[in-house]
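Here is a friendly walk through a model with several chains. Keep the viewer open as you read, and turn the view whenever a new element comes up.

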Amino acid sequence: MRDIRLAMRAGGGFGLGLSFFLIVVVLVPFGVGPQSALLSKIAPGILWLGALLACLLSLDRIFALDWEDGSLDLLATSPLPMEGIVSVKALAHWLTTGLPLVLVAPVLGVLLNLPEAGFLWLTLSLALGTPALSVIGTFGAALTVGLKRGGLLLSLLVLPLYVPTLIFGAEMARRGAEGFDITTPLLLLAGITCGTIALLPFASAAVLRVNLR
Amino acid sequence: MLTVTDLSIARGGIPVLEGLNLRLGAGQAMVLRGPNGIGKTTLLRTIAGLQPPLSGQVHVTPESLVYAGHADGIKPTLTVTENLNFWAQAFGNHDISAAIAAFALGPLAARPAGALSAGQKRRLGLARLLVTGRAIWVLDEPTVSLDTDAVAMFAAAVRAHLAQGGAALIATHIDLGLAEAQLLDVGPLRAKPLDIEDFDGAFL
Amino acid sequence: MSLNSLWEYANPKKFIQTTDRVLPWVAWSAALTLVVGLVWGFFFTPDDYRQGSTVKIIYLHVPAALMAINAWMMMLVTSLVWIVRRHHVSALAARAAAPVGMIMTVIALLTGAIWGQPMWGTWWAWDPRLTSFLILFLFYLGYIALWEAIENDDTAADLTSILCLVGSVFALLSRYAVNFWNQGLHQGASLSLDKEENVADVFWYPLLVAMAGFVLLFIALVLMRTRTEIRARRMRALLARERMGA
């Protein structure tokens with residue numbers, strides 16, 4: 001609750017991820033050329049990658065502010081369980097970063113000539129996958145909280161963990177765009193998201209406790 | 001309410017204090033003294049359960065304790081009321097009016113906390129203690145950047161808290177005017193370095 | 001040996017004393033086995049009728065790949081031991097094994113590229129196995145970077161252990177994901193211990209020796225590095241003690 005209000009009030013974090021997403025998508029045609037056939041082929045992958053990087057951008061803010069002003073210590077001694085705090089943080093991150101990305105992705109899909117059949121599946125795959133990105137990212141943020149130059153390390157730790165989500169998410173979007181059956185990647189993606197939401201907060205909480213001592 | 005027996009604590013893997021015993025009953029306050037770097041903050045964090053002790057025990061119900069460290073945990077973009085409301089909710093309470101009154105925060109209630117002075121922020125941080133409804137206050141240098149009026153306000157709040165059967169463990173260098181508080185100087189409890197040949201788990 | 005006495009080796013002093021005696025033996029037998037395996041493999045096996053002499057890189061490629069994975073397994077086990085029993089040597093052994101495992105991964109990738117060039121006509125292909133090893137390499141990088149970034153040794157041990165556990169799950173997931181993503185051109189496991197379908201005896205025996213050599217080399221390196229880590233850690237503790245004015 002408070003985190004969402006904070007992220008909104010602090011400005012910055014909210015728009016920054018979206019702008020980054022937009023810029024990545026705009027830059028891609030400059031890099032690969034303007035042929036619409038090529039763009040529409042790589043559109044699902046680019047959109048997924050852009051969303052993933054935009055997600056990554058705001059991860060270090062998850063705990064940094066609370067760490068600096070001492071809130072994290074105080075929260076740790078409050079009646080809220082650490083697992084709950086971590087989950088709420090991940091949820092707040094998703095609502096302020098993941099959800100807007102999901103909503104704006106179809107618009108950017110137009111820029112990349114995404115085939116018409118792909119819009120629904122792209123949005124759906126992002127909606128399914130971005131929560132996992134937030135939860136995994138929260139784990140990474142908990143690992144690096146309090147480190148002076150944690151941002152870069154955070155990316156190094158989190159990106160390999162993003163591999164399965166990216167593969168299944170982008171695969172689902174790609175198959176959707178090309179009109180293939182998407183059941184398998186959809187189920188696997190949903191499985192990863194449910195699994196991470198259910199299990200990873202325990203690891204994040206344990207890591208956060210270690211970092212607070 | 002709070003019993004500490006034969007406690008040894010470490011900071012960054014190095015023992016700093018050892019053989020520490022203290023008891024704190026309802027209505028009692030204790031002031032910790034000791035030179036900088038002796039480990040007062042580490043001790044308070046250990047008692048608050050943020051950090052495991054090296055050895056010894058801390059007997060306390062974790063649900064009866066609230067900790068306030070050097071930082072106040074105040075969000076600059078939220079107003080004073082919103083800040084207090086958040087902490088009240090986190091501890092399952094709702095009424096913040098008493099806390100606002102005790103630290104004379106009424107005129108500042110609608111102000112964003114970022115616009116407060118250092119002393120005002122500290123008052124807000126201390127008002128947080130009241131909204132938690134916890135019995136044992138563990139406070140680390142609570143009077144930093146407070147003026148004499150505010151220190152008196154704080155002393156009054158502590159006294160009222162003790163009168164309601166609470167307890168307080170305070171690390172501070174200034175005189176709070178709490179005549180009833182016991183004094184504990186942790187200076188003599190500095191950990192002795194271990195024998196250099198004792199080369200086991202802790203490496204020293 | 002009872003389990004209890006096994007834990008005694010988790011005492012740093014005891015560990016140093018024991019490895020003082022064991023390490024030369026392990027190191028020399030590693031050197032000997034490696035030389036025998038590699039010389040046998042390189043010079044005393046016939047060329048493959050299809051692949052010519054390029055096949056001989058197998059004596060580096062397969063053992064390195066084997067150890068790249070086993071090193072991570074070992075780190076997983078020692079991390080678990082640290083989390084459960086909090087033996088410092090265990091955490092330090094995990095720390096010591098990581099760079100060795102990473103180098104093994106790099107060797108496997110490089111020899112694979114060198115082998116792949118004449119065989120598949122390309123240095124690199126996004127084949128599931130190659131990709132998995134690349135991802136494994138990234139995991140090693142992150143793990144080592146986290147160790148380096150944290151000053152407090154116990155905190156670092158705790159955090160890296162948890163990262164190793166979580167990372168293992170995700171590494172496994174990535175393996176399946178990558179398989180799903182691209183069914184590749186790499187031959188199936190070219191050997192399994194019970195049945196050597198793809199590899200004839202003449203190649204198989206020197207390969208076994210080379211693998212044993214890599215295992216011994218890995219053990220020797222990890223023991224050596226663990227001893228260094230223990231001493232480095234003791235030095236840091238002594239320095240910290242000095243600073244405390246003791």
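The report below goes chain by chain, with sheets, helices and a chain contact along the way.

This is a predicted model, in which local features need pLDDT of at least 70 and side-chain atom pairs count only at pLDDT 80 or more, while totals for chains, interfaces and linings use all residues. Residues are numbered from 1 along each chain as its sequence is written, and chains are lettered from A and ligands numbered from 1 in the order in which they are written.

**Chain B: the parallel sheet**

Helices (H or I, at least four residues) and strands (E, at least two) are DSSP runs, numbered from the N terminus. Two strands pair if DSSP finds at least two bridges between them. In chain B, five strands form an open sheet with parallel pairing, in the order 5-6-7-3-8. Strand 5 (65–68) and strand 8 (182–185) of chain B are at its edges, and each has a single partner strand, so one side of each is left without a neighbour in the sheet. From one strand to the next, the twist averages 15°.

A residue is buried if 20 or more other C-beta atoms lie within 10 Å of its own, exposed if 12 or fewer, and partly exposed in between, with C-beta atoms placed from the backbone. Five of the five residues of strand 7 of chain B are buried, so this strand is largely enclosed by the rest of the structure. In a regular strand the side chains alternate between the two faces of the sheet. On one side of strand 7 of chain B sit B:Ala167, B:Leu169 and B:Ala171, on the other B:Ala168 and B:Ile170, and all are buried.

The table gathers strand pairings of chain B from both of its sheets described here.

| Strands of chain B | Sense | Bridges |
|---|---|---|
| strand 3 (residues 29–33) and strand 8 | parallel | four bridges |
| strand 3 and strand 7 | parallel | four bridges |
| strand 6 and strand 7 | parallel | five bridges |
| strand 1 (residues 2–11) and strand 2 | antiparallel | seven bridges |

B:Leu32 has the bridge partner B:Leu184 in strand 8 of chain B and the bridge partner B:Ala171 in strand 7 of chain B. B:Leu139 stands opposite B:Ile170 in strand 7 of chain B.

Another open sheet of chain B has three strands in the order 2-1-4, paired antiparallel. Strand 2 (14–24) and strand 4 (55–59) of chain B stand at the edges with a single partner strand each, so one side of each is left without a neighbour in the sheet. Neighbouring strands of this sheet are turned by 30° against each other on average, direction ignored. B:Leu7 has B:Leu20 in strand 2 of chain B as its bridge partner.

Which strands of this sheet does helix 1 (residues 40–47) of chain B touch? Helix 1 packs on the sheet through strand 1, strand 2 and strand 4 of chain B, and its direction makes about 125° with that of strand 1 of chain B. Two residues are in contact if their C-beta atoms, placed from the backbone, lie within 7 Å. Axes are lines fitted to C-alpha atoms, for helices over the stretch in contact, and angles run from 0 to 180 degrees between N-to-C directions. Helix 1 of chain B also lies across strand 3, strand 5, strand 6 (136–140) and strand 7 (167–171) of chain B, at about 155° to strand 6 of chain B.

**Chain A: two crossing helices**

In chain A, the axes of helix 8 (residues 150–177) and helix 9 (residues 183–212) come within 9 Å and cross at roughly 150°. Residues of this contact include A:Phe168 and A:Met172 of helix 8 of chain A and A:Leu188 and A:Ile192 of helix 9 of chain A.Elsewhere, A:Arg61 is found in helix 4 (residues 61–68) of chain A, and A:Arg61 counts as buried because it has 20 C-beta neighbours inside 10 Å.

**Chain C and its contact with chain A**

Chain C has seven helices and zero strands, and 40% of its 246 residues count as buried. The contact takes 20 residues from chain C and 18 residues from chain A. Helix 6 of chain C gives the most to the side of chain C that touches chain A, with twelve residues.
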